[in-house]
Amino acid sequence: MRMVKVPLGTRSYNILIDRNLLKSLGAECAKLNLGQRCAIISDSNVAPLFAKAAQRSLAKAGFDSVLITVPAGETAKSLKTVQLCYDQLAQHRLERKSFIIALGGGVVGDLAGFVAATYLRGIPFVQVPTTLLAHVDSSVGGKVGINLKAGKNLVGAFYQPRLVLCDLDTLKTLPEREYRAGLAEVIKYGIIYDASLFDQLERDLPKLLKRNPKTLSDVIGRCCEIKADVVGQDETESGLRAILNFGHTIGHGLEAISGYGKYLHGEAISIGQVAAAKLSAQLLGLPEFEVIRIRDLFQRAGLPVQVKLNPAQLNRLLDAMKLDKKVSAGEIKFVLARTIGKVEFGQKVPMNLIAPVLNF
Ligand SMILES: NC(=O)c1ccc[n+]([C@@H]2O[C@H](COP(=O)([O-])OP(=O)(O)OC[C@H]3O[C@@H](n4cnc5c(N)ncnc54)[C@H](O)[C@@H]3O)[C@@H](O)[C@H]2O)c1
Ligand SMILES: [Zn+2]
């Protein structure tokens with residue numbers, strides 16, 4: 001088993017990564033000094049696959065669990081679903097020492113984490129991610145929240161889990177398109193932090209696409225180490241944590257103008273990262289051959305690397321980017337790369353440079 005520690009003082013926690021880990025969920029929770037009652041929050045795709053195994057393991061360790069199943073998909077990140085969860089928690093008499101287990105992808109993790117952060121002013125929670133994106137990104141770092149009509153993730157909190165349990169076997173059932181979308185975040189870690197991870201991804205991509213467990217364990221472990229390192233230095237995004245948003249300014253804009261549905265998040269940030277690489281070449285001297293390496297790796301992973309927009313769509317994209325909450329004082333700031341493995345945040349990018357980098 002691989003273990004990565006997220007170093008946050010008294011709020012530190014471990015990320016465990018291995019195959020067949022779900023059966024140890026109860027035993028691992030038993031080490032955390034939690035109450036006897038818990039609620040598993042999962043979605044309608046994931047619960048039928050893994051909730052039984054989770055509940056069996058919890059029961060074996062003496063925990064009394066109730067399963068709350070929400071509809072699959074981004075719409076579950078809503079106040080309405082939060083209310084539904086609160087009602088069920090109260091009905092099952094969860095109290096201060098009781099805990100919540102998020103069993104699912106990033107949607108369930110963000111929702112269940114927000115419910116845990118607010119129910120009774122905060123009860124402990126454990127992340128059991130089941131998508132690649134959640135293994136390497138959303139389950140680690142404590143950003144939890146929900147969407148409003150006005151935009152994604154507009155209500156939320158920083159609230160760290162007590163444990164993250166990544167069972168690699170859960171990835172076996174993940175649809176191919178979702179899996180590839182998760183690879184966009186994996187590649188991001190190489191670009192922003194670790195040139196040798198990027199090299200490894202170029203080398204091992206075929207094995208990764210076959211979901212080889214050994215490669216997955218290595219790569220997910222490294223991504224979690226990087227996220228833990230960044231979050232450990234800047235938990236609430238006052239500086240360094242912004243580097244995790246490489247490719248996200250354009251990516252979020254694309255998601256917004258295409259009505260959250262055309263692109264998966266990973267697909268949108270794949271286009272966004274390739275565009276950011278091209279801007280990096282113009283503004284920070286990222287070598288042209290590294291732009292090509294970046295584009296090629298996303299392409300080999302089966303991800304889109306460009307988008308054709310008509311003038312009206314382009315204007316909507318630029319407007320959406322200005323509305324993103326990462327914009328301050330009306331200025332768009334980007335994370336740009338100097339070389340693969342080294343990026344800088346807070347880079348001002350003139351608006352007129354954006355359209356030309358969206359397609360080759
Ligand atoms: N908190 C953070 O730091 C952070 C970071 C990145 C993304 N996010 C959030 O994460 C969400 C996206 O997460 P996601 O990509 O995991 O999407 P998701 O949770 O919607 O999961 C994708 C789809 O796969 C299904 N699924 C999940 N696990 C499965 C499995 N093992 N087998 C079969 N099907 C499975 C789900 O039911 C869903 O239909 C967004 O809401 C985004 O805002 C949060
Ligand atoms: Zn992302």
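This is a predicted model: local features need pLDDT of at least 70, side-chain atom pairs count only at pLDDT 80 or more; totals for chains, interfaces and linings use all residues.
Helix α3 makes a right-handed crossing as it passes helix α4.

**Where α3 meets α4**
- Helix α3 covers residues 79–91 and helix α4 covers residues 106–118; their axes come within 10 Å and cross at roughly 55 degrees.
- Angles of 65 to 115 degrees would count as roughly perpendicular and those under 35 as roughly parallel, so α3 and α4 are oblique to each other.
- On the α3 side you'll find Thr-81, Val-82, Cys-85 and Tyr-86, and they meet Leu-111, Phe-114 and Val-115 of α4.
- Sort that contact by class and you get six nonpolar residues, one polar and no charged ones.

**Around ligand 1**
- Ligand 1 has 29 residues around it, and the closest are Asn-45, Gly-105, Gly-106, Thr-131 and Ser-138.
- Helix α4 turns up here too: along with α5 (132–138) and β8 (151–158), it gives two or more residues to the shell.

**Two domains**
- The protein chain splits into domain 1 (2–172) and domain 2 (176–357).
- Their C-alpha centres sit 26 Å apart, and each domain puts 24 residues into the contact.
- On the domain 1 side, β1 (2–6), β2 (13–18) and α5 each give two or more residues.
- Helix α5 supplies the largest share of that side, with five residues.
- By class, the domain 1 side has 14 nonpolar, four polar and six charged residues.

How values were computed:
Residues are numbered from 1 along each chain as its sequence is written. Chains are lettered from A and ligands numbered from 1 in the order in which they are written. Axes are lines fitted to C-alpha atoms, for helices over the stretch in contact, and angles run from 0 to 180 degrees between N-to-C directions. Helices (H or I, at least four residues) and strands (E, at least two) are DSSP runs, numbered from the N terminus. Angles under 35 degrees count as roughly parallel, over 145 as roughly antiparallel, 65 to 115 as roughly perpendicular and the rest as oblique. A crossing is left-handed if the near helix is turned anticlockwise from the far one by less than a right angle, and right-handed if clockwise. Two residues are in contact if their C-beta atoms, placed from the backbone, lie within 7 Å. Ala, Val, Leu, Ile, Met, Phe, Trp, Tyr, Cys and Pro count as nonpolar, Asp, Glu, Lys and Arg as charged, and the others, Gly among them, as polar. A residue is near a molecule or strand if its C-beta atom, placed from the backbone, lies within 6 Å of it. Domain bounds come from an automatic or database domain assignment.
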